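Keep the 3D view open as you read.

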Amino acid sequence: MSTGARPLLAEATAERADLHETIELDARTPLGRGYGPGNVLAIEYEREQLPPQEILLEDLLYMTGLLGILYAAERLTPYIPGDPTPEVLEAEQSAAKTAGRRTPRGAQPRRAGQGFLLTSGERRAIERHSVGMATEHFEAQGWKVKDVGDKESFDLLLTRGERRLHVEVKGTTSAGLEVILTRAEVEKQRKYYPDNALVVVHSIELDRTGDDPVTSGGVLHCTSPWVVEDADLTVISYAYRTQVGRQSSGDVVGEQDLFPPGVPQQRQAQGEPQVADGGWSPL
């Protein structure tokens, strides 16, 4: 998004008062009309008063330098405000793949923000970072914290005196407006209420330039007790119980003919010839 890119260029453009955030081309074609919304910063020239070639070259080098800043930010930031969060986009694609959805021929991989979907290493780094921040947060409040994420459907078990708290931790590079919950996580947290909590560590910075991803920063938001409301859940996929194998009035439902009535076809069980239009069919 152009509005998300401009803050990244604020320092480099502080002394240029001739840059325009909007452009009006009065274009009639889809390509031309797309230039306006996609513009980040522009330099305007009068058609009849173009500057010397030296100035044009300087401006070109200046603008390519700004583009380099954005490219560098792309490598560091897998999410830009307004785009689908990496976690949600990944869940949607995984659900579509599991459901057997075909990818359109020639389609390119969808992107989450300005970076590709998170790798497994990047997801692990974000998870470790968020769980670590949550652990420090609760230990500072006097809780005894145990990481149980490898064997339970929640991440942290807190104890303080006789009280126990079951904590789900979600980390994200996005603004944290949406996170992914499994069915087991929802069911367990509803069972544990009111002795439960949701911790969202959002706006985590992810450095992807080295061999291993490096995480830093992040803002911790805690909700406790945590009520998982149906209105706050969005269905991404369904497990559908089909009619295959079901009995109805002694007949198997769902095993329907693949051909319309009157079209000759081979009987599956008996192997007997079909009669169609008064004649025998060898099909």
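Start with the largest nonpolar core, which has 17 residues. Look for F138, L156, L158, V167, V169 and V199, the ones with the most contacts inside this core. Who supplies it? Helix α5 (120-139) and the strands β4, β5 and β6 (196-207) each put in at least two residues. The largest share comes from β6, with five residues. Bear in mind that this is a predicted model.

Now zoom in on V199. Leaving aside its neighbours within four places in sequence, V199 is in contact with A134, F138, V167, E168, V169, K170, L220, H221 and C222. There's also a second, separate core of eight residues, including L9, L19, V40 and L66.

Next, hop to D155, in the loop between β3 (144-147) and β4 (156-160). Is D155 buried or exposed? D155 is buried, yet has no salt bridge. The nearest side chain of opposite charge belongs to K170, 5.8 Å away, and a salt bridge would have to be within 4 Å. Not counting residues up to four places away in sequence, D155 touches K146, D147, V148, G149, V167, E168 and V169.

Finally, check out helix α4, residues 86-98. At 1.5 Å a residue, its 13 residues should span 18 Å, and the end C-alpha atoms are 18 Å apart, so the two values agree. In α4, P86, E87, V88, L89, A91 and A95 are buried, and what covers the buried residues of α4 includes β5 (163-171). Just after α4, G100 takes a positive phi of about 80 degrees.

Key. Residues numbered from 1 in each chain as written. Predicted model: local features only at pLDDT ≥ 70, side-chain atom pairs only at ≥ 80, totals over all residues. Heavy atoms only, no water. Helix = DSSP H or I, 4+ residues; strand = E, 2+ residues; numbered from the N terminus. Expected span 1.5 Å × (residues − 1). Buried < 20%, exposed > 50% of the residue type's maximum accessible area, 1.4 Å probe, protein only. Contact = heavy atoms within 4.5 Å. Lys, Arg positive; Asp, Glu negative; His and termini not counted. Core = buried A, V, L, I, M, F, W, Y, C linked by side-chain atoms within 4.5 Å.
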